Amino acid sequence: MTEPDVAFTDYALAIECVLFAHLVRRREDALFFGSAAVASLAGGTVHGFFLDGRTVGNAILWRITLIAIGITAASAWAIGARVLFPVPTARRITIAAAAAFAAYCVVTLLITQDFRAALVFYLPAAVFLLIVLSTAYARARERGILVAVAGLGLMFIAAAVQQMKIALHPTYFDHNALYHLIQALALWLLFLGLRRLHADAT
Amino acid sequence: MTRERAGDAPLYASVLWFLLFLFCLRVAGQALVAAFAVPFLPPMSEWYSGVIPYPILLPVQVVIIVLLAKVATDFTRRRGFFVVPRRTMGRFLEWFSYLYWGGMAVRYVASMALHPERRWFGGTIPIFFHCVYWGGMAVRYVASMALHPEPPAVPAE
């Protein structure tokens, strides 16, 4: 195996996300965590066995990873829209996100497989969700929403840790593995917050 | 559900969780050998036949863990997709699992006959855990049938 620490933490993240997808109630929440699980499973296999970009395994799995990240981003738009806006507006935002996702698929399948393409697509969705949840918290002062906001904040910290290449150990726990560890905590907080949020809404 | 059969539910769930635990140990053991070549576990050749390459096998094993966890969770909660009996599919899975166990027995005998150097436990890890996986499937069927018995036939007037 090429990067076992990254692959194993990715697989653990996949199992966690499947669990959350199973436990959440709304379809867009399940899609968010389910697609994150697919991205982690495919990404982990790339890190573990197909790092060489010339292999067929890399070509297939990396595209699956990028597209799954795109689904996660599109569902983040849908979650945010549903939290803050009336149903017709939320539907329009969701349709726009789906259209953007279709364009993103064309780009990642045919033009570039650079991870930055996924970041460019995912970042606005994450910022939108952060703004939406912060606004919802400012309105309702509900602790559950604050937990979800903390989770999203932690996701940005995780991304910073990854970009700055901060590692616990250069060989046994590198910056990508640490990123996954923080991401696992962040997703757990987001899951708790979303569950609380939707439990209150029903 | 009769009282005796309802009382069996925790036992079925415990057996399923135990089989899942065994399978997780097997996956973790092979992963440790693949990643770090740890000396206290058998070498890679002992863990699988090589028919499915390990880069494909490991993600499939992760999916199987998730699937078995879902089965065991459903039985613990006594509701969910896997607790609902589907008799035709269930009977097929039960008989397929018996066939599979038989196949594993043949594989063991053939392996020991063709490779005397393996006697008696060499290369038996995959054989044993194939039985564990399909044992889980059989338990799932038997348990769902026991918890949801067939309604008694209505006698003709």
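Predicted model: local features only at pLDDT ≥ 70, side-chain atom pairs only at ≥ 80, totals over all residues.
1. Is Gln183(A) buried or exposed? Its relative accessibility is 11%, so with a limit of under 20% it counts as buried. Setting aside the neighbours within four places in sequence, Gln183(A) is in contact with Leu13(A), Met155(A) and Ala158(A).

2. You will find Ala73(A) in helix H3 of chain A, residues 56-84. With a relative accessible area of 0%, Ala73(A) is buried. Which residues does Ala73(A) touch, if those up to four places away in sequence are not counted? They are Phe121(A), Tyr122(A) and Ala125(A). Ala36(A) is worth a look too: Ala36(A) and Ala73(A) are 37 residues apart along the chain, and their C-alpha atoms are separated by 9.5 Å.

3. Now for the cysteines. How many disulfides are there over all chains? The count is zero. To see why, remember that the two sulfur atoms of a disulfide must lie within 2.5 Å. For Cys17(A), the closest cysteine sulfur belongs to Cys24(B) and is 17 Å away, so a bond is ruled out by distance. For Cys105(A), the closest one is in Cys17(A), and because the separation is 19 Å, that is also too far for a bond. Both of these chain A cysteines are buried: Cys17(A) has a relative accessible area of 0%, and Cys105(A) has a relative accessibility of 14%.

4. Next, look at where the chains meet. Twelve residues of chain A are in contact with 13 residues of chain B. Together the two chains bury about 1100 Å², and 86% of this area is on carbon and sulfur atoms. Three residues of chain B, namely Phe36(B), Pro55(B) and Val62(B), supply 35% of the area that chain B buries against chain A, more than any other three residues.

5. On chain B, the elements that give two or more residues to the side touching chain A are helix H1 (3-36) and helix H2 (54-77). The largest share comes from H2(B), with nine residues. Sorted by class, this side of chain B has eleven nonpolar residues, two charged ones and no polar ones.

6. Finally, check two backbone angles. Most residues other than glycine have a negative phi. Arg141(A) is not a glycine, yet its phi is positive, at about 55°. Arg141(A) lies in the loop between helix H5 (115-140) and helix H6 (143-163) of chain A, and with a relative accessibility of 59% it counts as exposed. Ala37(B) also has a positive phi, near 50°. The place of Ala37(B) is the loop between H1 and H2 of chain B, and Ala37(B) is exposed, with a relative accessible area of 55%.

Conventions. Residues numbered from 1 in each chain as written. Chains lettered and ligands numbered in written order. Heavy atoms only, no water. Buried < 20%, exposed > 50% of the residue type's maximum accessible area, 1.4 Å probe, protein only. Contact = heavy atoms within 4.5 Å. Buried area = accessible area lost by both parts, 1.4 Å probe. Helix = DSSP H or I, 4+ residues; strand = E, 2+ residues; numbered from the N terminus. Nonpolar A, V, L, I, M, F, W, Y, C, P; charged D, E, K, R; others polar.
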